[in-house]
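I am opening a notebook on a structure that I have not looked at before.

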Amino acid sequence: MTELAPILERAKKIIERGWHKGSYVNSDGGYCIVGALGMAYTDGRMYDYVPSNFKGPLEDHLADFGWTCQASDCSFKLRGEVCQHLPHFNDDPNTTKEMVLALFDKALADS
Ligand SMILES: [Zn+2]
């Protein structure tokens, strides 16, 4: 079982070097939250593979930002659920890199 904290630390460093909205990675080497987690988890081999137990600690803190999902096609909202979808938070027009780094800090404080 891979430990949580080192993965979160590595993903945070990846985000510090370059953060990106809209896809896993861009041509400048910027990663979204999930892309950074994937790279951290797979030692840089895959950006699109993250076991859900590594997402949960971040998802748990989305409400701390008073964030509500604005995505018009959000399947969670359509089902009447509170969206905790990391890509929707990452890609939200109001989400900043500082918020994403703070989200990692909050998850790290729990781990
Ligand atoms: Zn959503």
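I began with Asp43 and noted it as exposed, because 8 other C-beta atoms lie within 10 Å; a residue is exposed at 12 or fewer such atoms, buried at 20 or more and partly exposed in between, with C-beta atoms placed from the backbone. I located Asp43 in the loop between H2 and helix H3 (52-59), where helices are DSSP runs of H or I with at least four residues, numbered from the N terminus. I also wrote down that the phi of Asp43 is near 55°, a positive value in a residue other than glycine.

Before going on, I noted that this is a predicted model, in which local features need pLDDT of at least 70 and side-chain atom pairs count only at pLDDT 80 or more, while totals for chains, interfaces and linings use all residues. Residues are numbered from 1 along each chain as its sequence is written.

I then turned to Lys97, which is found in helix H6 (residues 97-110), and recorded it as partly exposed because it has 14 C-beta neighbours inside 10 Å. The C-alpha atoms of Lys97 and His20 are separated by 8.7 Å, although the two are 77 residues apart along the chain.

How values were computed: Helices (H or I, at least four residues) and strands (E, at least two) are DSSP runs, numbered from the N terminus.
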